[in-house]
Amino acid sequence: MTNPLRDPQDRRLPRIPEPCALVIFGVTGDLARKKLIPAVYDLANRGLLPPSFVVLGFARRDWGDDDFSTLARRAAQEHARTPWREEVWTRLSSNIRFVGGSFEDDAAFDQLAETLDELRDSAGIPGNAAFYLSIPPKAFPVVLKQLSRTGMADNDKSGGWRRVVVEKPFGSDLESARQLNALVDDAFTPRDVFRIDHYLGKETVQNILALRFANSLFEPVWNANYVDSVQITMAEDVGIGTRAGFYDTVGTARDVLQNHLLQLMALVAMEEPTSFQADAIRTEKLKVLNAIVVPKDVKEDTVRGQYLTGWVAGERVPGYTEEKDVPADSKTETYVAVRLGVQNRRWARVPFYIRAGKRLPRRVTEVAVIFKQAPHLPFQPADVEMLGNNQLVIRVQPDEGVMLKFGSKVPGTAMEVRDIAMDFQYGEAFTDASPEAYERLILDVLIGDKTLFPDSAEVEASWNVVDPLEDAWIGSSPEIYRAGEWGPRAADQMLAREGRHWRRA
Ligand code: BG6
């Protein structure tokens, strides 16, 4: 029942989900320990969870509720964003449950269904549950089948809502993504399927829409008449860690280009949505994804790279093929750069240069909109030697903010002009630290708000961009770069051929 005294427009009132359970599959995995459980604690700490809320863990362990609670406590203490408060944990942990079993184990799933039913009386939860599949993609089909078989995916049967959260990778190409979409949409009602792209949960990514559509300053120049090119960089200083088994079959293009980077590109390039409702935003993003032009000559306009041993932040690190569990002859890319276009009037002939890589000099994700040079410069050539293109740089992370770079007169007697920067930093402008992406996304799942979740059509359109690249790369060897360098030389040459260079991120 809605509260008549509660005005949805009133920003002082936090959005709080109805009483519900969050069921996490793969609760002992990295994602659950480092992101999901800490995010749940942070939400509890911020008072954003309903009083009746249960976390239910499922994994192949012979555990009781207390064992899971111990793991969850450690995970929250180590990785939560907000300060530790014992009373918050005490309240949360009184509602932590565990069901042990393998994904093939019918009895374990029957027990899970019973546990959910029993929460009606023991915890006052009238059937609402979200199932978070934090598990390897090959386990999706069997878990979905179990959820259907037991009736747990059925809204009517449960008497509340039943939602499913699917982590990326969402398929490994268009074909497998379609199969997976069909499978999930078959088990759950399509509107109850939440596909996670955690980049959309980041404040700085959501701010792209505010920056573009809440201001009058940028939109008039946000097009091919004024924009020379767009660069999107996602650099990581880390290697592949302990994820060789996953990463070596995937590579950078499938790991982050297909999702995070194409989503960033869609937000930068999309038209104004008619509202900020999920459907309206999805419509505009999808139009961009469908209008992306894949290079005709993939060899010219893409670069795959793989890191050799080198130095990152003063530390000697192994090369990719020397990492644990990576085959010595692996041809998987750990770096990708690609030149894409968007086939519409706004972006005709504007290149979108996108790059991502592991073991680059430092961690930085940014979007740089590079403007054309002024059509005429009434200055002595020597006075504008230090003047570059105007740039608007959206720093997604770290050091979150937005920077505007433009020319200014150097104080003195000459009319010398050089680039300066105007800088907005979240840390200075706002008192509250931004929530973690997973806090926002888990909360939205529990509330039922799909705005920040890509739908199946977006996922499929993104594979339509990546599949032709993957096909053209078959049998090719990646270019090499030393760990600690900004990727292979060929990526610099790709831009140099067009008279451009990568921004020093
Ligand atoms: C994940 C990728 O989706 O994003 C990882 O699978 C990558 O390879 C990670 O390291 C980066 O996330 P963030 O939020 O640290 O930029």
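The model described here is predicted. In total, the structure holds three cavities of 30 Å³ or more. Fourteen residues, written 14 in the count, line the largest cavity, and those nearest its centre are Phe 170, Gln 258, Asn 259, Pro 454 and Val 459. Two helices, H9 (244-269) and H14 (456-473), each contribute at least two residues to this lining. By residue class, the lining of the largest cavity comprises five nonpolar, four polar and five charged residues.

## The parallel sheet

An open sheet is built from six strands, arranged in the order E3-E2-E1-E4-E5-E6 with parallel pairing. From one strand to the next, the twist averages 20 degrees.

Strand E1 (residues 20-25) runs parallel to strand E2 (residues 53-59), and six bridges join the two. Within this pairing, Val 23 has Leu 56 in E2 as its bridge partner.

## Salt bridges

Side chains of opposite charge can pair when their charged atoms come close. With a cut-off of 4 Å between a side-chain nitrogen of Lys or Arg and a carboxyl oxygen of Asp or Glu, the count comes to 36 salt bridges.

| Salt bridge | Closest N and O atoms |
|---|---|
| Arg 149 with Asp 106 | 3.7 Å |
| Glu 219 with Arg 212 | 2.9 Å |
| Asp 444 with Arg 440 | 3.1 Å |

The salt bridge between Arg 149 and Asp 106 has its closest N and O atoms 3.7 Å apart. Arg 149 belongs to helix H5 (residues 140-149) and Asp 106 to helix H4 (residues 106-122), so this pair ties together parts that are 43 residues apart in sequence. Both partners fall in the partly exposed class: the relative accessible area of Arg 149 is 41%, and the relative accessibility of Asp 106 is 39%.

The partners of the second pair, Glu 219 and Arg 212, have their closest N and O atoms 2.9 Å apart.

Asp 444 and Arg 440 are both part of helix H13 (residues 437-447), where they stand four residues apart, about one turn of the helix. Asp 444 is buried at a relative accessible area of 0%, whereas Arg 440 is partly exposed at 24% relative accessibility. These two residues also take part in a network: salt bridges with shared partners join Arg 15, Arg 440, Asp 444 and Asp 449.

## Backbone features

Most residues other than glycine have a negative phi, and most peptide bonds are trans. Several positions in this model depart from those patterns, as described below.

A cis peptide bond links Lys 168 to Pro 169, with omega at about 5 degrees. Pro 169 is located in the loop that runs between strand E5 (162-166) and helix H7 (174-187). Another cis peptide bond leads from Gln 397 to Pro 398, where omega is near -20 degrees. The loop that holds Pro 398 lies between strand E15 (391-397) and strand E16 (401-409).

Where does Ala 313, a residue with positive phi, lie? Ala 313 sits in the loop between strand E10 (310-312) and strand E11 (315-317), and its phi is near 50 degrees. With a relative accessibility of 74%, Ala 313 counts as exposed.

Asp 325, which is not a glycine, likewise has a positive phi, of about 70 degrees. Asp 325 is placed in the loop between E11 and strand E12 (335-342). The relative accessible area of Asp 325 is 60%, so this residue is classed as exposed, the limit for that class being over 50%.

Notes:
Residues are numbered from 1 along each chain as its sequence is written. This is a predicted model: local features need pLDDT of at least 70, side-chain atom pairs count only at pLDDT 80 or more; totals for chains, interfaces and linings use all residues. Side-chain values use heavy atoms; hydrogens and water are left out. Buried means under 20% relative accessible area, exposed over 50%, partly exposed in between (1.4 Å probe, protein chains only). On a 1 Å grid over the protein atoms alone, a cavity is a set of points where a 1.4 Å probe fits but cannot get out, and a pocket is an open set with protein on both sides within 12 Å along at least five of seven lines; lining residues have an atom within 4 Å of a point. Grid points are joined across faces, edges and corners, and a volume is the space filled by probe spheres set on the points. Ala, Val, Leu, Ile, Met, Phe, Trp, Tyr, Cys and Pro count as nonpolar, Asp, Glu, Lys and Arg as charged, and the others, Gly among them, as polar. Two strands pair if DSSP finds at least two bridges between them. Axes are lines fitted to C-alpha atoms, for helices over the stretch in contact, and angles run from 0 to 180 degrees between N-to-C directions.
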